[in-house]
Amino acid sequence: MRILLVEDEVELGLAIKQVLVNEKYVVDWVADGIQAWHCLDSQWTDYTVAIIDWLLPRLSGLELCQRIRSHQNPLPILMLTALGQPEHRITGLDAGADDYLVKPFVMAELLARLRALQRRSPTLQPQTLTVGAFSLDYANNTICHRLTEPPQIIPLTVKEFQIFAYLMQHPDRIIPGSKIRYQLWDLDNEPISNVVAAQMRLLRRKLASHGCGCPIETIRGQGYRFNSTLFMEP
């Protein structure tokens with residue numbers, strides 16, 4: 001998942017981002033509501049969940065939630081706040097938040113609430129995904145070529161897995177390399193222009209080392225496509 005984290009407390013923001021990155025999320029962290037809105041309004045990035053502090057400069061978390069919902073955006077929202085009274089919870093939920101976490105909190109609870117949002121929302125990725133001859137296991141960072149005998153289970157690096165998963169979630173669709181780059185690298189670590197091609201070479205080399213072909217095709221001048229019909233039984 002790509003997460004938008006909106007938190008103006010620097011130490012807390014850094015801590016949350018590190019925990020999420022360790023859990024293999026791609027995270028964009030911004031410190032105020034206006035920056036967050038610019039991220040959400042970008043044509044380059046698609047977020048699967050937002051973690052939003054209530055007390056933000058320029059545009060409050062409450063106002064940001066209301067703006068998101070007024071634009072009919074179903075993005076799952078977890079609101080963070082030190083305001084823990086029942087009336088505050090009700091206000092936050094009525095503004096459009098899907099869940100509410102009161103500061104201070106332990107990171108394990110934050111991760112548990114993200115998993116709960118994932119289970120409830122059909123827009124978020126499942127624990128496994130199968131397209132054509134391949135299955136992804138999100139918990140173990142592996143892909144499986146199911147039609148080999150025996151099935152080949154291949155461990156991937158975090159970035160290899162993110163690329164494979166992103167293309168697999170959009171089967172048979174050509175996705176430009178620039179779109180993949182903007183989607184899978186966070187705003188603080190903008191990559192060089194050929195990083196997707198370099199990662200793709202590593203991914204194909206790894207599959208080949210396990211005796212598997214790669215279902216991701218390079219469409220010259222256009223981008224990359226996960227071909228769901230490759231390596232299927234005749």
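Colleagues, I begin with a network of salt bridges that links Glu7, Glu9, Asp53 and Lys103. A salt bridge here is a side-chain nitrogen of Lys or Arg within 4 Å of a carboxyl oxygen of Asp or Glu. Please note that this is a predicted model, in which local features need pLDDT of at least 70 and side-chain atom pairs count only at pLDDT 80 or more, while totals for chains, interfaces and linings use all residues. Residues are numbered from 1 along each chain as its sequence is written, and side-chain values use heavy atoms, with hydrogens and water left out.

The structure contains 11 salt bridges. Let me take Glu7 and Lys103, whose closest N and O atoms are 3.1 Å apart. This pair links distant parts of the chain, 96 residues apart: Glu7 sits in the loop between strand S1 (2–6) and helix H1 (10–22), and Lys103 in the loop between strand S5 (99–102) and helix H5 (107–120). Helices (H or I, at least four residues) and strands (E, at least two) are DSSP runs, numbered from the N terminus.

Are these two residues buried or exposed? Glu7 is buried, with a relative accessible area of 0%, and Lys103 is buried at 14%. The terms are as follows: buried means under 20% relative accessible area, exposed means over 50%, and partly exposed lies in between, with a 1.4 Å probe and protein chains only.

Lys103 also forms a salt bridge with Glu9, the closest N and O atoms being 3.1 Å apart. Here too the chain is bridged between distant parts, 94 residues apart, from the loop between S5 and H5 to the loop between S1 and H1. Glu9 is partly exposed, with a relative accessible area of 41%.

A further salt bridge joins the side chains of Asp99 and Arg113, at 2.8 Å from N to O. Asp99 belongs to strand S5 and Arg113 to helix H5, so this pair ties together parts that are 14 residues apart in sequence. Asp99 counts as buried at 14% relative accessibility, whereas Arg113 is partly exposed at 22%.

I turn now to the sheet. In what order do its strands lie? It is an open sheet of 5 strands in the order S2-S1-S3-S4-S5, with parallel pairing. Two strands pair if DSSP finds at least two bridges between them. The edge strands are S2 (26–30) and S5, each pairing on one side only. From one strand to the next, the twist averages 20 degrees. Axes are lines fitted to C-alpha atoms, for helices over the stretch in contact, and angles run from 0 to 180 degrees between N-to-C directions.

Strand S4 (residues 77–81) pairs with S5 in the parallel sense over 4 bridges, and Leu80 stands opposite Leu101 in S5. H5 packs on the sheet, touching S1, S3, S4 and S5, and its direction makes about 175 degrees with that of S5; contact means heavy atoms within 4.5 Å. H1 lies across S1, S2, S3 (49–53) and S4, running at about 170 degrees to S2.

Finally, the hairpin. S6 (residues 128–131) and S7 (residues 134–137) run antiparallel and are joined by 4 bridges. The bridge partner of Thr128 is Asp137 in S7. Between S6 and S7 there are 2 residues, and Gly132 in the turn has a positive phi of about 60 degrees. S6 has a covered face, formed by Leu129 and Val131, and an uncovered one, formed by Thr128 and Thr130.
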